[in-house]
Every structure is written in structure tokens, then in C-alpha cells.
Amino acid sequence: MKIRRLTPEYYPKVAALLQQAFPRSKYEVQLFETLHAKGRVLQEWVCLHRDTVTAYIAFSKAYDGTTECGLHLAPLAVKPQMQNQGIGSELLRFALRQEDIKDRPIFALGSPKFFQKFGFERCTLPVCPFDTNNAQFLSLRNAADRQFTVRYEPEFKAKVKQNR
């Protein structure tokens with residue numbers, strides 16, 4: 001297993017992986033394609049096995065108003081037939097050690113049971129616009145001390161509206 005920064009040659013393979021990992025949704029593939037088309041700054045890595053993309057992780061900017069306040073982890077995907085083998089965990093551990101990420105606040109929307117293994121805690125501040133009562137909104141290295149709604153890149157909201 002090799003972990004590499006995502007390069008354009010792997011874009012189609014990541015899109016296919018996202019479709020496999022989220023078979024009931026077109027949101028993740030559309031979001032991936034739109035973020036790249038708009039030139040959004042992302043921190044992204046893939047896990048490769050024999051030139052096959054087996055896992056993908058991405059981080060995009062998080063905002064307090066117009067000020068960057070951390071990163072959103074989304075998505076983290078593993079090929080369905082490769083899940084429950086520790087690949088996603090290894091990719092997440094790797095990403096959290098990277099220079100561009102290791103000291104920044106990280107926000108994630110997902111399974112508390114999974115993310116708490118990596119030091120994430122339930123997030124009460126800020127508020128996530130996509131999660132009622134922040135039930136599955138978690139953070140790592142979050143020092144927010146006041147109420148605000150964390151913002152995502154505009155493509156996240158646009159796609160959520162289209163899928164309703």
C-alpha cells in the first residue's frame with residue numbers, strides 16, 4: 001500500500017471510487033468534480049495498491065465568516081471490498097501528520113465512534129449547517145469559544161440543495 005498526494009491522472013479513479021463507496025448518492029462525485037473544476041485548494045491523498053485507488057481523503061477550507069478557521073475532512077472513502085481492513089484509518093493517520101494539517105483545527109461530519117479513535121471530539125462550537133444539533137459533527141484541535149456557523153466552500157451547499 002502506497003499513499004500519494006492526489007494528482008490529476010488519478011481523478012477518474014477517485015471519481016469511480018467515490019461512486020462505489022457511496023452507491024446511493026451522486027453528491028460525492030459531483031462535489032469532487034466541482035471543487036476541482038472551480039480550482040478550490042484541497043489537501044488530498046490516495047491510497048494505491050498496484051496502481052488501483054483503494055482509498056481517498058480530502059480536506060477543504062473551513063470558515064468563520066470570511067476568515068479561514070480550519071479544515072473540513074470530507075470525504076474519506078475506501079473501496080467497499082477493502083473496508084474494515086484498516087486502510088481508511090491508516091490514510092487518516094497519515095493525513096493528520098502532514099505539515100499542512102497537523103496543527104490546524106479539523107472538522108468532520110461522520111461517525112463519532114470512528115473519528116473519536118483519532119482524537120476527534122463532539123463539537124458544540126461552532127455549529128455545522130448540515131447537522132441538526134451537531135449530533136455527528138466532530139472536531140480536532142478546535143479552540144472555538146463563541147457561537148458561529150462554520151462555513152464550507154460554496155460547492156458543498158450548492159450540491160446539498162440540488163440533491164434534495
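Entry 1, contacts. I take a contact to mean heavy atoms within 4.5 Å. With that in hand I looked up the contacts in this predicted model, and among those between residues at least 6 apart in sequence, I noted that 57% join residues at least 24 apart.

I went through the chain for helices and strands and wrote down five helices and seven strands, which run from the N terminus on in the order β-α-α-β-β-β-α-β-α-β-β-α. I then looked up the radius of gyration, which is 15 Å and close to the 15 Å that the globule rule gives for 164 residues, so I noted the chain as being as compact as a globular protein of that length. For the outline, I wrote that the C-alpha atoms fill a box of roughly 45 × 35 × 25 Å along the principal axes.

Searching the whole structure, I found one cavity of 30 Å³ or more, and I recorded about 60 Å³ of space in the largest cavity. There are 13 residues lining the largest cavity, and I listed F32, L35, Y56, A74 and P75 as the closest to its centre. The elements that give two or more residues to this lining are α2 (27-37), β3 (52-64) and β4 (67-78), and α2 gives the most, with five residues. Sorting the lining by residue type, I wrote down nine nonpolar, two polar and two charged.

Conventions: Residues are numbered from 1 along each chain as its sequence is written. This is a predicted model: local features need pLDDT of at least 70, side-chain atom pairs count only at pLDDT 80 or more; totals for chains, interfaces and linings use all residues. Side-chain values use heavy atoms; hydrogens and water are left out. On a 1 Å grid over the protein atoms alone, a cavity is a set of points where a 1.4 Å probe fits but cannot get out, and a pocket is an open set with protein on both sides within 12 Å along at least five of seven lines; lining residues have an atom within 4 Å of a point. Grid points are joined across faces, edges and corners, and a volume is the space filled by probe spheres set on the points. Helices (H or I, at least four residues) and strands (E, at least two) are DSSP runs, numbered from the N terminus. Ala, Val, Leu, Ile, Met, Phe, Trp, Tyr, Cys and Pro count as nonpolar, Asp, Glu, Lys and Arg as charged, and the others, Gly among them, as polar. The radius of gyration is taken over C-alpha atoms; the globule rule is 2.2 Å times the number of residues to the power 0.38.
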